[in-house]
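Have a look at the sequence and the fold first, and then the notes below will walk you through them.

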Amino acid sequence: MPYQTCRHVKEDGHLCQSPAVRGEHFCHFHQSHRTAAIAIAQARVRGEHPGLYLPPLKDPWAVQYALSDLLNALGAGEIDHKRANIILRVLRTASDNFKNGNIQPARPRPALIAPDRGPGGKHVH
Ligand SMILES: [Zn+2]
């Protein structure tokens with residue numbers, strides 16, 4: 001049974017290709033991030049100070065998202081420098097872990113892929 005894959009284009013130009021949430025165009029991670037990013041942008045337009053949304057740091061792209069969100073929150077004056085510095089150190093550690101191979105980026109687990117497909121979308125029988 002074919003399934004939709006995430007339409008998110010990563011910063012390296014490749015499609016995410018994780019299984020999309022049923023009825024959606026994006027995987028759970030990118031759908032959640034987009035929903036949060038839209039909610040934060042709408043709150044800023046209303047003059048509110050929504051603060052910072054940090055995605056789970058499951059791969060280097062998530063760290064990039066978090067850095068971008070940190071920059072936006074700092075630029076909007078929504079978090080103090082001390083807190084931003086702590087978050088920045090955590091993000092640096094996460095980035096170093098990926099760079100040094102201490103942690104491999106998360107891959108979709110077979111259970112998250114359509115039941116009749118294994119990793120890489122190959123049929124499993
Ligand atoms: Zn995705």
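Predicted model: local features only at pLDDT ≥ 70, side-chain atom pairs only at ≥ 80, totals over all residues.

The chain holds three helices and zero strands, and its pattern along the sequence reads α-α-α.

**The chain as a whole**
- Of the 125 residues in the chain, 14% are buried.
- Among contacts with a separation of 6 or more, 34% are between residues 24 or more positions apart.

- Helix α1 runs over residues 28–45, which gives it 18 residues.
- From first C-alpha to last, α1 reaches 26 Å, close to the 26 Å expected at 1.5 Å a residue.
- Which residues of α1 are buried? They are Phe 29, His 30, His 33 and Ile 40.
- Looking down the axis of α1, you will find its buried residues within an arc of 95°, so they line one face of the helix.
- As background, an α-helix has 3.6 residues a turn, so residues three or four places apart point the same way.
- The other side of α1 carries the exposed residues Thr 35, Ile 38, Ala 39, Gln 42 and Val 45.
- What do the buried residues of α1 pack against? Their partner is α2, residues 60–75.
- After α1 comes Gly 47, and its phi is positive, near 85°.

**How α2 and α3 meet**
- Helix α3 covers residues 81–99, and its axis comes within 10 Å of the axis of α2.
- The two axes cross at roughly 165°, and because angles over 145 degrees count as roughly antiparallel, α2 is roughly antiparallel to α3.
- The crossing of α2 past α3 is left-handed.
- On the α2 side, the residues that meet α3 are Pro 60, Val 63, Ala 66, Leu 67, Leu 70 and Leu 74.
- On the α3 side, Ala 84, Ile 87, Leu 88, Leu 91, Ala 94, Ser 95 and Phe 98 meet α2.

**Ahead of the first helix**
- Glu 24 sits in the segment before α1.
- Is Glu 24 buried, exposed or partly exposed? It counts as partly exposed, because it has 14 C-beta neighbours inside 10 Å.
- Glu 24 and Arg 7 lie 17 residues apart in sequence, and their C-alpha atoms are 9.6 Å apart in space.

Conventions: Residues numbered from 1 in each chain as written. Helix = DSSP H or I, 4+ residues; strand = E, 2+ residues; numbered from the N terminus. Buried ≥ 20, exposed ≤ 12 C-beta atoms within 10 Å, placed from the backbone. Contact = placed C-beta atoms within 7 Å. Expected span 1.5 Å × (residues − 1). Arc of directions from axis to C-beta. Axes fitted to C-alpha atoms, helices over the stretch in contact; angles between N-to-C directions. Parallel < 35°, antiparallel > 145°, perpendicular 65-115°, else oblique. Left-handed = near helix turned anticlockwise from the far one by under 90°.
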